[in-house]
Structures are given as structure tokens and as C-alpha cells.
Amino acid sequence: MEAISEQLTDALGIMILGMCLVFVFLSVLILAMKLVAKKYAPKPQEKTSSAALQPIASKPAVSPLMAAVIASAIHQHRQKA
């Protein structure tokens, strides 16, 4: 049977080896991700004209006629219940 100090030394060596392997693996993974991101990154678009940059007047999400129809349907449903 080995002495406890020898077992602790072996355990420490295995722990350091494992931590180094994880560090190396994660470093390679990060490097690979950066290389792939650089290679396959979307190309910058050309400058757009000034007309495209102006805000477009947005129309309401629901037309007033549709809002009236929905309100009428809700009113009729509540009258039945």
C-alpha cells in the first residue's frame, strides 16, 4: 500500500494534467471559432442611399375597419354569455 503523500502527489499530477488538457482544448476551440467567424462573416453592405435611411411612415397594425369588426364581435359574444 502506497503512502498517502504518494497518492496525493499522483492525484495532483492527474488534476494538473486534466486542467491543462481542458485549457488547451478550449483555447483551440476558441481559435477555431474565431477563424470560422472571420472566414464566413457576412460581407459589409454598400452604403445605402439617403432615401432608404429616412424613416417610413408606418401604417397602423390594424385598420380602423378591422378594429370595429373585432369590437363588434366581442360585444356580440359578451351579449350571448
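This short report walks through the fold, the confidence and the surface of a predicted model.

Let's start with the overall layout. The chain has three helices and zero strands, and reading along the sequence gives the pattern α-α-α. Of its 81 residues, 0% are buried. The chain exposes about 8300 Å², and 71% of that area is supplied by carbon and sulfur atoms.

How far can you trust the coordinates? The mean pLDDT of the chain is 88, with 84% of the residues at 70 or more. The two ends of the range among the elements are listed here:

| Element | Residues | Mean pLDDT |
|---|---|---|
| helix H1 | residues 4–39 | 97 (highest) |
| helix H2 | residues 50–53 | 58 (lowest) |

Where pLDDT is low, predicted coordinates should not be read in detail.

Now for the surface. Which residues form a nonpolar patch there? They are Val 62, Leu 65, Met 66, Val 69, Ile 70 and Ile 74, and together they have about 550 Å² of accessible area. One of them, Leu 65, sits in helix H3, which covers residues 64–80. Leu 65 counts as exposed because its relative accessibility is 65%, and the cut-off for exposed is over 50%.

Technical notes
Residues numbered from 1 in each chain as written. Predicted model: local features only at pLDDT ≥ 70, side-chain atom pairs only at ≥ 80, totals over all residues. Heavy atoms only, no water. Patch = residues over 30% accessible without salt bridge, like charges linked within 9 Å, V, L, I, M, F, W, Y side chains within 5 Å. Areas by Shrake-Rupley, 256 points an atom, 1.4 Å probe, with all protein chains shown as cover. Salt bridge = Lys/Arg side-chain N within 4 Å of Asp/Glu carboxyl O. Helix = DSSP H or I, 4+ residues; strand = E, 2+ residues; numbered from the N terminus. Buried < 20%, exposed > 50% of the residue type's maximum accessible area, 1.4 Å probe, protein only. pLDDT = per-residue confidence, 0-100.
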